[in-house]
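The following exercises concern a single protein chain. Please study the sequence and the model before reading each solution.

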Amino acid sequence: MPPVIDEKKCKKCGYCAAICPLDVLYLDKAAQKLLVRYPDECWHCKACMRDCPVKAITIRYPLSHMMLHYPKEVE
């Protein structure tokens with residue numbers, strides 16, 4: 001699942017595209033739009049999400065990456 005970009009928050013600075021290790025994100029300077037170029041290649045490393053200066057990116061995890069936590073029963 002690809003990163004989700006909040007267009008209202010995004011300032012199109014391109015920092016997320018620069019730090020993405022797989023070039024999943026791409027800043028189209030001509031159109032002034034941030035694109036998710038290779039959505040299936042995302043490693044879900046959160047680099048873009050953590051380093052976005054305006055917190056415009058969230059990560060959607062596929063079901064296979066989610067972990068359920070069941071607390072131990074108290075005796």
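**Exercise 1.** Which residues form the covered face of β2, and which form the uncovered one?

*Solution.* The model examined here is a predicted one. Step 1: on the covered face of β2 lie L25 and L27. Step 2: the uncovered face of this strand consists of Y26 and D28. Step 3: the partner strand of β2 is β3, residues 33-36; the two run antiparallel and are joined by 4 bridges. Step 4: D28, from the uncovered face, has K33 in β3 as its bridge partner. Step 5: between the strands of this hairpin there are 4 residues, and Q32 adopts a positive phi near 50°.

**Exercise 2.** Determine whether V24 is buried or exposed, and describe its surroundings.

*Solution.* Step 1: locate the residue; V24 belongs to the loop between α1 and β2. Step 2: apply the cut-off, by which buried means under 20% relative accessible area. V24 has a relative accessibility of 2%, and therefore counts as buried. Step 3: list the contacts of V24, leaving aside neighbours within four places in sequence; these are P3, L35, V36, R37, Y38, E41 and C42. Step 4: take V36 from this list. V24 and V36 are separated by 12 residues in sequence, and their C-alpha atoms are 5.8 Å apart in space.

**Exercise 3.** Describe the chain as a whole: what pattern does it follow along the sequence, and what percentage of its residues is buried?

*Solution.* Step 1: count the elements; the chain has 2 helices and 4 strands. Step 2: their order along the sequence is β-α-β-β-α-β. Step 3: of the 75 residues in the chain, 29% are buried. Step 4: the chain exposes about 5900 Å², of which carbon and sulfur atoms supply 57%. Step 5: among contacts with a separation of 6 or more, 46% join residues 24 or more positions apart.

Methods: Residues numbered from 1 in each chain as written. Predicted model: local features only at pLDDT ≥ 70, side-chain atom pairs only at ≥ 80, totals over all residues. Heavy atoms only, no water. Buried < 20%, exposed > 50% of the residue type's maximum accessible area, 1.4 Å probe, protein only. Contact = heavy atoms within 4.5 Å. Pairing = 2+ DSSP bridges. Areas by Shrake-Rupley, 256 points an atom, 1.4 Å probe, with all protein chains shown as cover.
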